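Here is a short briefing to read alongside the model.

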Amino acid sequence: MILSTLILADDITGALDSAVGYSGKGKTVVVARNPEAVPEALKYAPDVLAINTSSREVSAEDAAQQVATALRYLDPMAIGAVLKKVDSRLKGNIGAETEVLIRWFKSVRCIACPAIPGMGRFVTRGALEGSGVEQPIPVASKFNSIVEVPDVASDDDLDRLVKGNVDRVLWVGARGIAFALARAAGVSLPVVERLQPPVMIANGSRDPVTQAQMAVLADRASLIDAPDGIAPKTHSLNFPLVLSISDGGAGISGHEAATHFAASTARLVCENEPAALLICGGESAHAILDQFGIAVLQVRAEVRPGLPLCEIRTERGRLQFVTKSGGFGPPTLLAELLEEASSRI
């Protein structure tokens, strides 16, 4: 099987957010939620395959092993372009994971470009700077091998960069370079869809950006607090419905709280039957998909830049499934999405 593009991401929101750039033009775009799901994902005969390695918060050694496990199912000579998707603020085990890919892909060059001009993040004199970046970050310092770090101030810069480098280049970057590669493959823009009402939001992120978005929803939705991820039994709820995790003071681990939160979310979905479910936070999205037993996602569209949309099946039927990174978006983002959805009723 020949893949036009392979994307390796260290979290699920990154895998979805980069893969969505290819949605459209009749392309089949698939995300494997973990390395072991790659064989199932390949059954879709995808044009574009993104693999989540869930390796941002583990040791460098474990991260490298996760990437190696994902690659064992694939032939590097049967892949057109390879992108190592990284956090847009350069968190995680970037150096260790890139080393595995350089050896596997037998790259002629490795070009690192984490700029996302459309979201106000640029690379200037080899350093990432801009929106959400407190201090410029020297990009090359995140790698073990020598990498090229071109300056990027616009999407035009990205397009020129991609068009000028096509032979066995290992790309390392974020949404910006993913979309530039998609444009070079003939997809100018991803498909855009709106959320279908009724809408449920499950916020498992404690990032200040998402907390500010939640504050705007205070008088616009039915809010349910989930201390340590555990939602109370509730009845007669009105949509839109918003479930949000909080610190219950039990001192449990983040993983345990996420597991509780996922179970609470799945229960409320089954009880209230929303048409759309928007998840804030990558770990929460991962745990919720575990609850539904879903290992592979087919990316269909995005509702806003940075909010990819898939469709999943639960025991109650089809459900729009949208993910949002915890640190992403203006304070009014969630409120605007709910207002747009309500206008469809």
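The second largest pocket is lined by 14 residues, and Asp155, Arg175, Phe179, Arg183 and Pro305 lie nearest its centre. This is a predicted model: local features need pLDDT of at least 70, side-chain atom pairs count only at pLDDT 80 or more, and totals for chains, interfaces and linings use all residues. Residues are numbered from 1 along each chain as its sequence is written, and side-chain values use heavy atoms, with hydrogens and water left out.

**Pocket**
- A pocket here is an open set of points on a 1 Å grid over the protein atoms alone, where a 1.4 Å probe fits, with protein on both sides within 12 Å along at least five of seven lines; lining residues have an atom within 4 Å of a point.
- The volume of the second largest pocket is about 240 Å³, counted as the space filled by probe spheres set on the points.
- Helix H6 (residues 175-184) gives the largest share of this pocket's lining, 4 residues; helices are DSSP runs of H or I with at least four residues, and strands are E runs of at least two.

**Helix pair**
- Helix H5 (residues 155-163) packs against H6 at an angle of about 60 degrees, with the axes 9 Å apart.
- That makes H5 oblique to H6.

**Sheet**
- 3 strands form an open antiparallel sheet in the order E6-E7-E8; strands pair if DSSP finds at least two bridges between them.
- Strands E6 (121-124) and E8 (133-138) each have a single partner strand, so one side of each is left without a neighbour in the sheet.
- In E7, Gly130 is the bridge partner of Arg121.

Notes. Axes fitted to C-alpha atoms, helices over the stretch in contact; angles between N-to-C directions. Parallel < 35°, antiparallel > 145°, perpendicular 65-115°, else oblique.
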